[in-house]
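This report describes the fold, the cores and the ligand surroundings of one protein model, with attention to backbone geometry.

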Amino acid sequence: MPEGLVRSFEVRLVVPGCHPGAEHYDAFLALHDDISEALPYLNAELEQPTDYRHGDRILLWQCDDRAYVFRPHEIAISPVHDPEDAHDVARAIIERINDIWRRRDSLCPNLAGKRPLPQVLDLYQLLPRLNCKKCGLPTCMAFAAALRTDLTKAHLCPHLSQEDLDRMVPR
Ligand code: SF4
């Protein structure tokens, strides 16, 4: 392992609890080094989408149909196909972290996460309030409540413009 922020790690494979018969695994990389200080730089440099919670020191990333969760001493990656795949992906992400960390003096760290989801009444105020049922729900208030709990998607209301959608959906 070349010199860098992360100098050594161990990989553990786990069968996903929600898919006991699955032919893929979750990989957990136990890091001997703390990557907390690198998280804002990863948030700035990794391709979107990322979501960063600075207070919780957790960074989420989606890339190549895999989900990554970075914590100070752990990286979770899902899915991986087998141990060889897990080690390849692990080496790649550790090299990426070390590369970004080496370049940090020339980078601008990003502490921002997604905008928080608005409350139900705020969402309701943004809806046309026609109660036309075209979204599949009986009222606009029901639609607002379903949006808040992620049980529906804003684009299912056909009356919303792109500008409306941008105000409702966190980036
Ligand atoms: S389609 Fe839009 S306007 Fe009609 S009930 Fe659903 S949220 Fe309200």
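## Sheet and fold

Leu13 stands opposite Ala27 in strand S2. Strands here are DSSP runs of E with at least two residues, helices are runs of H or I with at least four, and both are numbered from the N terminus. The model is predicted: local features need pLDDT of at least 70, side-chain atom pairs count only at pLDDT 80 or more, and totals for chains, interfaces and linings use all residues. Residue numbers start from 1 along each chain as its sequence is written.

S1 and S2 run antiparallel and are joined by 6 bridges; two strands count as paired if DSSP finds at least two bridges between them. Ala27 also stands opposite Ile77 in S6.

| Strand pair | Bridges and direction |
|---|---|
| S1 and S2 | 6 bridges, antiparallel |
| S2 and S6 | 5 bridges, antiparallel |
| S5 and S6 | 5 bridges, antiparallel |

S5 is linked to S6 by a hairpin through 2 residues, and Phe70 has Ile75 in S6 as its bridge partner.

The sheet is open and has 6 strands in the order S1-S2-S6-S5-S4-S3, with antiparallel pairing. Its edges are strand S1 (9–14) and strand S3 (50–53), each of which pairs on one side only. From one strand to the next, the twist averages 15°. Helix H2 packs on this sheet and touches S1, S2, S5 and S6; the direction of H2 makes about 140° with that of S1. Axes are lines fitted to C-alpha atoms, for helices over the stretch in contact, and angles run from 0 to 180 degrees between N-to-C directions.

The protein has 5 helices and 6 strands, arranged along the sequence as β-β-α-β-β-β-β-α-α-α-α. Of the contacts with a separation of 6 or more, 56% are between residues 24 or more positions apart; a contact requires C-beta atoms, placed from the backbone, within 7 Å.

## Cores

Of the 171 residues, 21% count as buried. A residue is buried if 20 or more other C-beta atoms lie within 10 Å of its own, exposed if 12 or fewer, and partly exposed in between, with C-beta atoms placed from the backbone. A nonpolar core is a set of buried Ala, Val, Leu, Ile, Met, Phe, Trp, Tyr and Cys residues joined through C-beta atoms within 7 Å.

The largest nonpolar core has 24 residues, and those with the most contacts inside it are Ala27, Ile35, Leu39, Leu42, Phe70, Ile75 and Ile97. At least two residues of this core come from each of S2 (25–31), H1 (39–45), S4 (58–63), S5 (66–71), S6 (74–80) and H2 (83–102). H2 gives the most, with 5 residues. Leaving aside neighbours within four places in sequence, Ile35 is in contact with Leu5, Val6, Phe70, Pro72 and Ile97. A second, separate core of 8 residues includes Cys135, Cys140, Phe143 and Ala144.

## Ligand shell

Which residues are closest to the ligand? They are Cys132, Cys135, Cys140, Phe143 and Cys157, out of 13 residues that surround the ligand. A residue counts as near a molecule if its C-beta atom, placed from the backbone, lies within 6 Å of it. By class, this shell has 9 nonpolar, 2 polar and 2 charged residues. Ala, Val, Leu, Ile, Met, Phe, Trp, Tyr, Cys and Pro count as nonpolar, Asp, Glu, Lys and Arg as charged, and the others, Gly among them, as polar.

## Backbone geometry

Most residues other than glycine have a negative phi, and most peptide bonds are trans. Ser78 and Pro79 are joined by a cis peptide bond with omega about -5°, and Pro79 lies in strand S6.

Arg129 has a positive phi, near 60°, and is not a glycine. Arg129 lies in the loop between helix H3 (120–126) and helix H4 (140–148), and counts as partly exposed because it has 14 C-beta neighbours inside 10 Å. Lys133, also not a glycine, has a positive phi of about 70°. Lys133 lies in the loop between H3 and H4 and counts as exposed, with 12 C-beta neighbours inside 10 Å.

Arg148 is found in H4 and is partly exposed, since 17 other C-beta atoms lie within 10 Å. Its C-alpha atom is separated by 10.0 Å from that of Asp122, 26 residues apart along the chain.

Notes. Contact = placed C-beta atoms within 7 Å.
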